[in-house]
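Keep the viewer open as you read.

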Amino acid sequence: MARRPPRPKKTRLLIRMKKILLPLFLALLAPLHAAPPAERGPVIERDSAGADEWRWLFSALAAKGATYSTFTENRHFAARKNPVVLQGEMRLIPDTGLSLRYTEPEETLTVIDTRGLLLRDAKGRARQIKAGTRDAGLVTALLPVMRFDIGELFNQFTVHAARDAGDWRFDFVPLNKKLAEALGAIVVTGAGTDIKTLSFNTSPKLRVEVLVGETKSGMTFTEAELQNYFRTDK
Amino acid sequence: MNFLSKTPARLFLLVSALAGAAWLASLDYSKKISTSVLDLIPATERAPELAVIRALADEKQARVALFALRVPGGDDNRDRATAAFIGSLSASGAFSEVEAAADTASRNALARQIFEQRFELLLPGWLAKNESSDPAALAEKTAASLERFMGKPEALAFADLLPHDPLLLLPSLVEKVQSLDAGSAVVPGDTALIWTLTREKPLAEAGQKPVFDAVDAALEAAKKIAPDATLRWTAISRFAAESKRSIMHELIFGTLLTLLAVLGVAAICLPRIAGTLNLAPVILGALLGACVAVTLCFERVHVLVFVLGLMLAGVSIDYGFYLYLQPRKIPGEPYSAKVRRLMKPLLGSALTTVLGFSLLLFSDLPLIRQLGVFVSTGLLCALVTAVLWFAQIKDPFMQARAFAGIQARPGKTARRAAIAILALGVLVALAGPWRLHWRDSTLDLQPRLPQLTRDAAELRAFFGDTASRTIYLTRGENIATTRAALEQFNAWHEAQFPGAATASPGYALPLQADYDALPARLEELRSFPDALRVALDRHGFNASEFEPFFNAWKNFTPARSYDQAVSALASSLRGQVALLMSDAPGASFLITAADHPAPAVEPPAGLSTVSLNQIESLDKLFGRYRVSALRLSAIGLGLVGLSMWLIYGVKRGTLIFTTPVGSCLFAFGVLGLCGVTLNLFHLLGAFLGVCLSHNYAIFTAENDARKEQPPPSIRLSALSTAASFGVLACSSIPVVSALGVTVALIVLSALVVVELKRAAKPSAATCN
């Protein structure tokens with residue numbers, strides 16, 4: 001790929017200032033607005049001027065490093081009158097993977113990493129689904145989204161973005177047609193530099209909505225946490 | 001007619017050689033010679049694992065070829081090169097099925113078929129599990145289970161299916177068989193895996209060369225798109241072809257090397273090359289006679305017999321040495337008188353060996369029987385050829401070079417040293433054998449092909465066959481009995497390996513009893529759909545969403561027989577999954593993958609299940625043959641010992657007998673102390689070594705009795721035997737190497753024992 005010519009010094013300074021100020025600005029605005037944009041925003045292209053506007057947010061989200069959050073997952077099955085509600089803890093280590101520990105209604109663990117999917121029940125029985133298979137594809141698509149790795153995101157998705165003051169919304173539509181048909185779009189909303197919700201379809205009969213609760217970023221997980229909640233064997 | 005005169009002896013040799021050569025020339029070697037491991041095992045053997053191998057050898061499983069195509073330079077490049085590779089293989093005509101491992105078409109087809117047949121295949125088992133529930137209770141239980149399931153991670157993948165399957169028939173099956181899917185080896189991102197099935201059987205010529213050509217062409221096609229593409233692949237045909245090539249290489253070069261080694265020993269110890277060449281006919285006569293006899297006696301002969309038979313070169317030359325190098329008793333002693341004088345030790349040594357090897361004719365293993373005939377007749381032919389050959393040459397005596405007959409200077413120091421070395425040897429012979437380990441494997445019967453073996457292991461791991469997993473094979477006369485056996489095996493497995501996941505296509509099949517009970521059970525559950533609607537509503541479901549299920553339930557009638565229902569599933573299988581089961585009458589089987597490494601404990605015979613590990617090595621079966629060979633060897637040794645007593649009396653016979661037996665124990669002691677794991681062929685080698693080393697003890701005893709210097713022929717004979725077995729010891733075929741090492745060790749030990757015993761005797765001085 002051709003290298004982009006270096007930016008003038010003045011532009012670089014401006015960019016650096018925006019890099020510092022924009023997240024701060026977004027964080028300050030966040031409490032003022034409770035609702036993210038209701039509609040999908042326009043497509044943003046990699047390296048376009050429009051993308052530059054969002055790059056700061058991507059960088060701020062990616063820079064959070066390892067994070068821990070509580071979450072509530074609402075599964076809207078067509079066959080059920082009310083959503084099935086699950087609760088749990090989410091751990092993300094960008095280089096390692098995403099771990100979802102469900103505590104309600106029953107204890108289970110889902111680990112999503114580059115090797116695929118690992119499901120472990122309360123009795124410790126584990127099942128693995130290799131990356132690249134259809135079953136794994138639905139869920140492993142979440143990993144680049146949670147990492148907010150710009151390069152990976154633009155390689156795998158068409159990215160839509162919308163903002164309303166401090167609230168924002170991204171719609172990630174998989175470039176893979178089969179995955180796009182199955183998933184629709186992964187919608188991530190947030191305020192400031194915090195992710196508030198994630199939602200996606202796994203089929204026309206099910207929409208999953210994850211409400212992210214209390215979040216701690218810049219975490220250092222203990223050895224025991226790594227063992228318990230991630231796949232540490234090679 | 002005196003056969004020990006020139007003309008009759010020459011005529012007899014010539015006619016015999018011509019007749020033998022004519023017989024060998026008339027053979028159809030492609031039919032007569034076998035390279036298949038299965039031909040090493042009796043046709044009547046009923047061991048379950050062997051029955052499985054015989055069945056699989058003719059089945060699809062043997063025709064699988066696995067490929068890993070590495071294409072650096074991005075996913076697009078990899079996918080295009082892989083498509084070209086697959087296209088070329090498919091078009092070649094050498095392959096009947098070709099599919100990319102990432103292509104889930106065959107698995108999706110299987111899932112679709114099971115979905116279509118879910119009431120036939122999965123409902124019987126579900127109903128049997130819930131036998132005691134009335135319709136209302138069953139409906140309540142079903143709705144509650146469904147509600148629980150929707151809170152599980154797996155529910156995300158089944159959202160579309162649930163309206164068709166609120167009984168969770170398919171999700172339950174998928175949960176059980178999922179471990180079949182997850183190979184633990186990580187496949188590099190630039191590598192595409194391709195699974196194929198060759199059109200022809202891998203051991204046939206048509207299943208080898210055309211396949212290899214097609215693979216070469218396919219790689220070229222891939223390289224046109226990605227010049228850096230590299231390929232690794234594995235198939236039984238590759239092993240078979242390489243194994244055949246390696247064995248032929250060993251036969252040709254082994255024969256030349258053995259002849260060179262044996263005649264080389266003779267050439268070093270004899271003063272004239274022309275004289276040395278007089279020993280060659282003895283070897284050729286032995287080999288010709290052995291080949292004729294073994295091909296006459298057996299319809300098919302395994303090629304290993306000929307590789308092992310190379311040892312005859314070193315063994316048969318002994319008779320040449322004993323006759324040729326034995327000095328005349330008196331000047332001008334006629335040849336016939338010399339032969340009569342030497343006949344007792346010659347017959348004693350030949351017949352004891354022949355007697356021992358004749359016992360191998362009672363072995364269960366065809367290879368050992370063939371080897372018994374080969375060695376016995378080879379030795380007899382060597383003796384007859386030697387006696388006749390030297391009868392028709394002008395000067396049937398040659399003096400060995402002086403150093404060949406050199407003796408140690410007698411003295412106290414030499415005697416003490418000899419006793420000390422003998423004592424050390426006794427110590428090794430007594431202590432070492434306790435450290436021996438035994439293990440047999442059919443894998444040792446084939447040449448070592450390290451690169452192919454490494455590639456095969458890595459590729460199989462890519463395709464999910466890793467060491468952390470054990471594959472079991474359950475078989476039965478028909479698919480119903482096989483499925484019943486699988487149920488029993490599962491119970492055994494759960495008790496042996498609690499919590500270890502297992503997966504089998506058999507889980508998609510009902511037990512015949514459950515299937516037969518289905519119509520009556522459905523009749524009992526007439527009100528179940530209505531009860532389920534109510535229960536679903538009570539548990540917060542929109543019951544109307546489940547109309548697809550209720551319609552299917554209403555329209556379902558179990559009209560087909562059990563066999564027809566299973567056959568509908570089996571015939572829909574394609575690609576890799578088709579290898580996991582067979583419903584063929586008389587050869588039905590089901591594969592089960594278990595999530596644990598190969599265990600030491602095999603399933604009991606009653607479960608009709610064996611592990612692939614056992615199938616690959618047949619170590620249990622060969623262990624049984626080893627015990628049988630041990631029994632025969634023990635009887636053989638007993639007879640040899642008895643014949644020594646009969647010929648030489650109890651005291652002398654026992655003394656003679658101690659040399660080979662002691663050498664054998666010493667050899668086992670050395671192998672034990674070195675930590676070598678022994679097999680059936682070490683045992684056979686030991687038996688052969690004992691029989692051969694008798695000769696040195698007999699001839700030494702004869703000379704001692706006559707108060708004569710031991711003839712150099714003993715040393716020459718031992719050294720040439722050790723040389724020929726030394727060549728075998730270098731073989732790439734583990735069992736051939738095992739036999740070579742054992743015999744060479746015993747023969748050399750026996751020679752050293754004979755020399756040390758002489759040096760240790762107080763009367764040794766009087767012999768010099």
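## A helix pair in chain B

Contact here means heavy atoms within 4.5 Å. With that in mind, and remembering that the model is predicted, start with helix α16 (residues 335-359) of chain B and α27(B). Which residues of α16(B) meet α27(B)? On the α16(B) side they are B:Lys344, B:Pro345, B:Leu346, B:Gly348, B:Ser349, B:Thr352, B:Thr353, B:Gly356 and B:Phe357. Facing them in α27(B) are B:Phe687, B:Leu688, B:Cys691, B:Leu692, B:Asn695, B:Ile698, B:Phe699 and B:Glu702. Sorted by class, this contact has nine nonpolar, six polar and two charged residues.

The axes of α16(B) and α27(B) come within 9 Å and cross at roughly 165°. Angles over 145 degrees count as roughly antiparallel, so α16(B) and α27(B) are roughly antiparallel to each other. Their crossing is right-handed.

The crossing of α27(B) and α29(B) is right-handed. By class, their contact has 16 nonpolar, six polar and two charged residues.

## An oblique crossing

Next, look at helix α1 (residues 6-25) of chain B and helix α17 (residues 366-391) of chain B, whose axes come within 8 Å and cross at roughly 135°. That makes α1(B) and α17(B) oblique to each other, and α1(B) passes α17(B) in a left-handed crossing.

The residues that make this contact are B:Lys6, B:Ala9, B:Phe12 and B:Leu13 of α1(B), together with B:Val384, B:Thr385, B:Leu388, B:Trp389 and B:Ala391 of α17(B). Seven of the contact residues are nonpolar, one is polar and one is charged.

## Cavities

Rolling a probe the size of a water molecule over the atoms shows where empty space is left.

At least two lining residues come from each of α2 (49-62), β2 (67-77), β3 (84-93), α4 (142-147), β11 (194-203) and β12 (206-217) of chain A. The lining divides into nine nonpolar, four polar and three charged residues.

## Backbone details

Most residues other than glycine have a negative phi, and most peptide bonds are trans. Two places are worth a look with that in mind.

In chain A, the peptide bond from A:Glu104 to A:Pro105 is cis, with omega near 0°. A:Pro105 lies in the loop between β4 (97-104) and β5 (108-113) of chain A. In chain B, B:Leu168 has a positive phi of about 60° although it is not a glycine. B:Leu168 sits in the loop between α8 (135-149) and α9 (169-177) of chain B.

Methods: Residues are numbered from 1 along each chain as its sequence is written. Chains are lettered from A and ligands numbered from 1 in the order in which they are written. This is a predicted model: local features need pLDDT of at least 70, side-chain atom pairs count only at pLDDT 80 or more; totals for chains, interfaces and linings use all residues. Side-chain values use heavy atoms; hydrogens and water are left out. Axes are lines fitted to C-alpha atoms, for helices over the stretch in contact, and angles run from 0 to 180 degrees between N-to-C directions. Helices (H or I, at least four residues) and strands (E, at least two) are DSSP runs, numbered from the N terminus. Angles under 35 degrees count as roughly parallel, over 145 as roughly antiparallel, 65 to 115 as roughly perpendicular and the rest as oblique. A crossing is left-handed if the near helix is turned anticlockwise from the far one by less than a right angle, and right-handed if clockwise. Ala, Val, Leu, Ile, Met, Phe, Trp, Tyr, Cys and Pro count as nonpolar, Asp, Glu, Lys and Arg as charged, and the others, Gly among them, as polar.
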